[in-house]
Amino acid sequence: MRSFALRFAAFALILNPFTLAAYSHAQPVALSAGPSAQPGAVNSVVQQGYRDGMNAGMRDIRAGLRPNVGSHSRFRNPPVPSNARNDYRRGFQNGYNDAFRRGPR
């Protein structure tokens with residue numbers, strides 16, 4: 001009986017870190033644009049994409065269209081340098097989605 005208790009205690013100690021890891025909460029992570037980006041450059045591209053996406057979404061709502069961000073040429077071919085396209089698309093998609101969440105104005 002004592003042997004079982006010792007084995008159980010040892011097993012519980014081994015599993016304890018895994019148990020704690022399963023219940024840990026996600027921590028915020030700060031992302032950086034990298035050393036080559038100028039401060040504010042990424043934000044302005046994302047903001048431009050957001051505004052364009054919001055306008056596109058509002059036009060789609062007024063036209064009675066279903067949400068389809070990929071149908072917009074500015075999303076497919078962003079009007080920004082190639083190294084900023086992903087940031088523009090992220091902003092565009094967020095703006096487009098927000099337009100549909102808010103509804104017609």
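Which residue forms a salt bridge with R90? Select R90 and D87 to see the partners: their closest N and O atoms are 3.3 Å apart. A salt bridge here is a side-chain nitrogen of Lys or Arg within 4 Å of a carboxyl oxygen of Asp or Glu.

Before moving on, a word on what you have open: this is a predicted model, where local features need pLDDT of at least 70 and side-chain atom pairs count only at pLDDT 80 or more, while totals for chains, interfaces and linings use all residues. Residues are numbered from 1 along each chain as its sequence is written, and side-chain values use heavy atoms, leaving out hydrogens and water.

Show the surface: D87 is buried at 18% relative accessibility, whereas R90 is partly exposed at 44%. (Buried means under 20% relative accessible area, exposed over 50%, and partly exposed in between, with a 1.4 Å probe and protein chains only.)

Stay in helix α4 and select D98 and R101, again three residues apart, about one turn of the helix. Their salt bridge brings N and O to 2.4 Å at the closest. R101 is exposed, at 62% relative accessibility.

For the next stop, pick R74 and D52, whose side chains meet in a salt bridge of 3.1 Å, N to O. R74 belongs to helix α3 (residues 73-76) and D52 to helix α2 (residues 41-62), so this pair ties together parts 22 residues apart in sequence. D52 is buried at 18%, and R74 is partly exposed at 41%.

Definitions and conventions:
Helix = DSSP H or I, 4+ residues; strand = E, 2+ residues; numbered from the N terminus.
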